[in-house]
Amino acid sequence: MTVQSAPLVDIRQLEKRFDLSGSFLEQLQFRNGRFTRHQEYVHAINGVDLQVHRGEALCVVGESGCGKSTVARTIMGLLTPSGGEVHYDGERIDQLNGREVLPYRRKMQMIFQNPYASLNPRMTIQQTLEEPVCFHHPAWSKAEVRDQVQDVMQSVGIDPDWGVRYAHEFSGGQRQRISIARALAVDPEFIVADEPISALDVSIQAQVLNLLMDAQESRGLTYLFITHDLAVVEHFGTRVAVMYLGTVCELADTKTLFASPRHPYTQALLSAIPRLEDDRPNHIRLHGEVSTPVNLPSGCVFHERCPYANERCKQEVPRLIGSDTGGQVACHAVQEGRL
Amino acid sequence: MALLEVNNLDVRFAVRGGDLQALQSISFSLDKGERLGLVGESGAGKSVAAFSILKLIAQPGYIAGGEVLFEGRNLSAMSERELRQIRGNRIAMIFQDPMMTLNPVLTVGTQMVEALKAHRRISTRAARDIALKKLQKVSIPSPDKRLDQYPHELSGGMRQRVIIAIALLLDPDIIIADEPTTALDVTIQAEIMALLLALCEQDNVALMLITHDLGLVSQVTQRMLVMYSGRIIEQGPTKEIINDAQHPYTQGLINALPQMGEPGRRLYQIPGSMPSLSRIPPGCPFHPRCPFVTDECRQTMPEYVQSGNVDVACYEVSKLIEQENRAPEVTP
């Protein structure tokens with residue numbers, strides 16, 4: 001990895017909790033003859049540090065419920081963090097008000113998972129694509145806006161003549177192209193793609209992935225790519241962050257991570273992908289299932305399923321520390337040399 | 001004789017403006033204890049194929065032709081009453097979403113006992129014992145407790161285990177699994193698949209696995225069918241197809257997988273997308289996306305040709321085979 005001084009996006013000790021307990025009256029419980037106040041939180045992200053460097057594609061992988069989408073949404077400002085900071089290009093952006101954050105909104109765009117839900121069914125494609133351009137460039141003339149939209153439609157392989165059609169007239173792959181076009185329409189620098197291909201068929205996935213890579217090359221984009229598909233990560237990512245229950249357990253260059261995964265969870269995850277080459281499932285069996293983020297386990301979040309867990313893992317939260325392979329691992333066993 | 005034989009099955013959906021051909025002349029067979037994979041993109045007709053085996057397609061779908069033979073008996077000619085003796089009993093199904101298949105207002109135990117009593121004359125207590133044994137078999141932690149729990153109290157992986165236990169309840173000969181692990185996370189998926197495989201092997205149960213995941217099919221099945229627009233375009237031993245796919249569509253599907261490409265490079269992509277049932281082009285349905293398309297492809301659907309142990313429906317492949325036969329072994 002090339003050494004760059006200032007990361008484009010820098011999140012520090014990010015935390016996000018969701019309150020489950022409802023209003024004050026709903027929190028009251030009557031137990032053993034006494035009223036008690038009972039509050040419950042989903043601990044979606046617990047102290048995540050990530051840096052995204054210019055021009056790279058940082059992939060965040062993990063199973064459902066591990067907080068990867070919450071990280072994406074918090075960076076985009078769609079959710080307010082419960083703790084920690086989000087910096088963009090050296091500026092802290094998580095505390096800005098609506099007007100102050102506007103210039104950043106133009107630079108940061110998001111692509112969502114389900115193109116059936118993320119496009120407004122009552123707007124034509126032309127309207128869908130013009131809306132962000134008009135909003136971020138209020139001074140532009142109609143012709144300028146139209147030119148911009150036509151350019152961007154061409155660049156994603158959608159015929160500009162189709163602008164008069166509605167989203168339901170397109171197939172899933174084409175819709176995802178349109179939502180990519182919408183993100184690109186305001187010439188962003190940084191794109192957060194939240195599972196952009198998982199709702200698509202295999203042959204369409206390749207088309208969309210190619211489009212994302214082409215856009216990265218021609219526009220010099222930086223990606224934060226959220227996915228659960230490790231094969232895609234191996235192909236697409238510059239670096240990978242593996243998340244488990246709201247914490248990053250391993251962060252490394254894609255090559256390093258796939259060649260020598262260090263964290264026991266990463267190892268299990270990698271061995272679980274069905275591949276074409278090998279004949280038999282030969283995966284590392286994990287015991288049990290992911291615990292809920294409501295009652296986080298003490299110590300290392302993974303210790304309940306980890307074959308290498310000992311007393312220390314049950315009590316002390318491991319920190320992300322550089323490992324001998326050049327990546328960063330949060331695991332006591334790796335740090336103590338037990339693994 | 002094969003355990004299950006499907007011959008020239010035609011399934012149509014009667015809609016306004018004519019019939020939609022969902023399956024066209026599907027033929028395949030399944031032996032006892034065999035594992036067969038059914039691969040294709042969404043809308044290819046994989047699920048319709050599975051459902052129509054048990055005559056489970058609802059209006060406006062209907063079986064327009066062909067037959068399904070189970071142990072030599074024609075399922076498509078059977079009455080509902082006779083079919084009920086087969087469904088769940090001899091041929092069981094596992095569906096994609098475990099939350100949709102389990103009844104949310106009944107406990108796991110009630111549902112299992114219900115299924116057992118529908119097919120066998122046994123007491124509730126005996127049925128509960130069998131249910132408990134099956135739950136132990138799918139290695140659910142504390143199975144006796146699970147019997148009295150409701151589906152929502154179980155996690156996704158656990159629910160799918162319950163579903164597998166229910167499928168195995170009556171010791172079926174065939175399990176049809178329609179995307180059994182798609183709704184699950186990878187680590188859970190691997191575990192569930194390993195479990196399903198072990199149980200099928202143990203009892204010599206035939207497994208028909210419907211999926212879009214080529215990796216999974218290559219690991220689990222012995223033979224596979226590739227479907228496109230309601231037709232089987234290629235079928236044969238899984239290894240042969242994965243290592244050396246003949247049909248341009250299958251080749252495209254395999255080459256489009258990110259793991260086949262060099263990291264950071266463009267992936268191979270099949271242009272366009274699968275036509276909807278109402279717009280299936282004449283001739284080979286794949287021809288608008290095919291790199292080897294000729295006039296012949298645009299007019300008539302190709303017949304199956306044999307290449308190795310694989311049956312392929314493609315003019316290009318049959319041409320290649322002819323050339324090989326005409327000029328065998330040109331030594332340089």
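Here is a short chat about how the two chains of this predicted model are put together.

A word on ground rules: residues are numbered from 1 along each chain as its sequence is written, and chains are lettered from A and ligands numbered from 1 in the order in which they are written. Local features need pLDDT of at least 70, side-chain atom pairs count only at pLDDT 80 or more, totals for chains, interfaces and linings use all residues, and side-chain values use heavy atoms, with hydrogens and water left out.

Reader: What area is buried between chain B and chain A?
Author: Let's start with who touches whom: 47 residues of chain B and 35 residues of chain A are in contact (heavy atoms within 4.5 Å). Buried area is the accessible area (1.4 Å probe) that two parts lose on being put together, summed over both. Carbon and sulfur atoms give 53% of it here, and the total is about 3500 Å².

Reader: How far apart do the C-alpha centres of domain 1 and domain 2 of chain A lie?
Author: In chain A, domain 1 covers 9-244 and domain 2 covers 256-339 (bounds from an automatic or database domain assignment). The two do touch, with 15 residues of domain 1 of chain A in contact with 16 residues of domain 2 of chain A. Their C-alpha centres lie 27 Å apart.

Reader: Which residues in domain 1 of chain A lose the most area to domain 2 of chain A?
Author: These two domains of chain A bury about 1500 Å² between them, 71% of it on carbon and sulfur atoms. On the domain 1 side, three residues together make up 45% of what that side buries. They're Leu230(A), Val242(A) and Tyr244(A).

Reader: And in chain B, what area is buried between domain 1 and domain 2?
Author: Chain B has domain 1 at 4-227 and domain 2 at 248-326, with C-alpha centres 30 Å apart. Each domain puts 10 residues into the contact. Carbon and sulfur atoms give 72% of the buried area, which is about 880 Å².

Reader: Are H4(A) and H6(A) roughly parallel or roughly perpendicular?
Author: Helices here are DSSP runs (H or I, at least four residues; strands are E, at least two), numbered from the N terminus. The axes of H4(A) (residues 125-136) and H6(A) (residues 172-184) come within 8 Å and cross at roughly 25°; axes are lines fitted to C-alpha atoms, for helices over the stretch in contact, with angles from 0 to 180 degrees between N-to-C directions. Angles under 35 degrees count as roughly parallel, over 145 as roughly antiparallel, 65 to 115 as roughly perpendicular and the rest as oblique. So H4(A) and H6(A) are roughly parallel.

Reader: At what angle do the axes of H4(B) and H5(B) cross?
Author: H4(B) spans residues 108-119 and H5(B) spans residues 124-137, and their axes come within 9 Å. Val108(B) and Leu116(B) are among the H4(B) residues that meet H5(B), where Ala127(B) and Ile130(B) are included. The axes cross at roughly 115°.

Reader: Which residue is joined to Pro60(B) by a cis peptide bond?
Author: Most residues other than glycine have a negative phi, and most peptide bonds are trans. Pro60(B) sits in the loop between helix H1 (46-53) and strand E4 (61-70) of chain B. Omega is about 0° there, and the partner is Gln59(B).
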